[in-house]
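Please consult the sequence and structure shown below alongside the text.

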Amino acid sequence: MRTDIFARLDREPEPPKIEAPRMSRHRIALFGGTLAFYLAIVFAVLITSWLVALDWKVMLFRPYQQWPELHAFLDYYVVLGQRGPTAVMVACWLGWRSWRQHTLRPLLVLGTSLLLLNVTVGAVKLGLGRLGPHYATQIGSAEMFAGGDIFPSGHTANAVVTWGILAYLATTPRARRYLSAVSATVSLGVGLTTVYIGTHWLSDVVLGWAAGLLILLALPWFEPLIARTEAWIFAMRERWRERRGGARPAPVTGAGPQPVLLPQSMATEGLAPGTVTAAAEPVLPAGHPASGARARAHGGHPARPGGMPVAPTGVRRPPPHTERGARGSGSPARPMTGG
């Protein structure tokens with residue numbers, strides 16, 4: 001057994017026993033509180049409350065002009081909230097974990113969370129239709145139902161879900177604590193970066209944090225469906241392997257010499273029945289143990305390369321059939337008589 005640090009990269013001999021999180025009372029209480037906070041933010045923006053006034057104050061402050069030296073770095077940092085690059089990075093890590101632990105649960109959990117993110121956040125974005133700070137038309141307005149799609153912040157919600165999945169799938173309490181702190185820091189930084197650049201209102205970011213947290217808290221409700229999906233995929237894989245194994249042809253054993261069809265010209269040469277049988281036998285190389293027995297069976301006569309024995313010297317072939325000659329020569333001429 002390997003004891004160095006690279007032993008943790010080897011594939012485990014059998015799937016480990018990892019218990020999926022359950023929807024406990026504590027988690028249900030957190031989910032309910034986060035949902036109430038989510039609805040309160042939406043209501044505060046709809047009635048154009050003090051939260052909308054704070055959005056305008058932050059936007060008119062223009063943080064990207066106050067600290068321009070941070071702009072170059074934050075342009076790259078905000079990529080940690082884009083769905084495409086982050087999904088690819090996290091999927092590569094979880095794919096390796098799936099291979100190492102003989103399970104599809106990490107990838108299925110990631111797919112389920114991204115599907116929930118697209119459905120919930122996308123529906124609210126299109127339904128509320130809020131315009132961003134760069135496209136605002138009236139100072140102090142909430143800019144709702146104007147054809148926009150920035151409320152809640154998709155970058156922020158995606159950062160919370162994508163990096164929070166690593167903490168959700170952690171197998172030890174210590175790793176879960178560390179990954180939770182890392183995912184919270186990354187998602188917080190991504191949200192504030194969008195406010196700094198000016199692509200989102202502050203309330204967009206706050207609602208994005210709540211939206212991502214709701215998805216992470218609701219994942220235990222989907223664990224039974226994920227388990228059934230994993231079992232179905234493995235069952236289909238076994239069926240496919242059985243079909244591939246059964247489609248292979250069985251090896252032919254004990255096959256004897258196959259009959260050989262002779263052309264009509266050889267049949268008309270008056271060959272004996274035994275000669276035709278010998279032609280169907282396989283040709284053996286010189287020195288083979290069975291070649292001597294075959295020669296004795298044919299009376300010591302040499303054999304042609306194709307397996308046909310040669311007639312001995314001085315033996316004539318039987319004369320052709322008289323019927324064939326009479327059939328080919330026609331009837332004899334009759335004498336002509338007078339009259």
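The model is predicted.

**Glu230.** Glu230 belongs to helix H10, which covers residues 223–246. Glu230 is buried but forms no salt bridge; Arg105, the nearest side chain of opposite charge, is 6.8 Å away. A polar atom of the Glu230 side chain does lie 3.0 Å from the backbone nitrogen of Leu104. Beyond residues up to four places away in sequence, Glu230 touches Thr103, Leu104, Arg105 and Leu108.

**His200.** His200 is located in the loop between helix H8 (173–197) and helix H9 (202–218). Because its relative accessibility is 8%, under the 20% cut-off, His200 counts as buried. The side chain of His200 has a polar atom 3.2 Å from the backbone oxygen of Ile150, and a polar contact of 3.5 Å joins this side chain to that of Ser153. With residues up to four places away in sequence left aside, the residues touched by His200 include Pro133, Gly154, Thr194, Val195 and Val205.

| Side chain | Partner | Distance |
|---|---|---|
| His200 | Ser153 side chain | 3.5 Å |

**Helix H6.** Helix H6 comprises 24 residues, 105–128. From first C-alpha to last, H6 reaches 34 Å, close to the 34 Å expected at 1.5 Å a residue. Among the buried residues of H6 are Arg105 and Leu108, both of which are touched by Glu230. Gly129, with a positive phi near 60°, follows H6.

Note on methods. Residues are numbered from 1 along each chain as its sequence is written. This is a predicted model: local features need pLDDT of at least 70, side-chain atom pairs count only at pLDDT 80 or more; totals for chains, interfaces and linings use all residues. Side-chain values use heavy atoms; hydrogens and water are left out. Helices (H or I, at least four residues) and strands (E, at least two) are DSSP runs, numbered from the N terminus. Buried means under 20% relative accessible area, exposed over 50%, partly exposed in between (1.4 Å probe, protein chains only). Lys and Arg count as positive and Asp and Glu as negative; His and the chain ends are not counted. A salt bridge is a side-chain nitrogen of Lys or Arg within 4 Å of a carboxyl oxygen of Asp or Glu. A polar contact is a pair of N or O atoms within 3.5 Å; within protein, one must be able to donate a hydrogen and the other to accept it, and residues adjacent in sequence count only if both atoms are side-chain atoms. Contact means heavy atoms within 4.5 Å. The expected span of a helix is 1.5 Å times one less than its number of residues.
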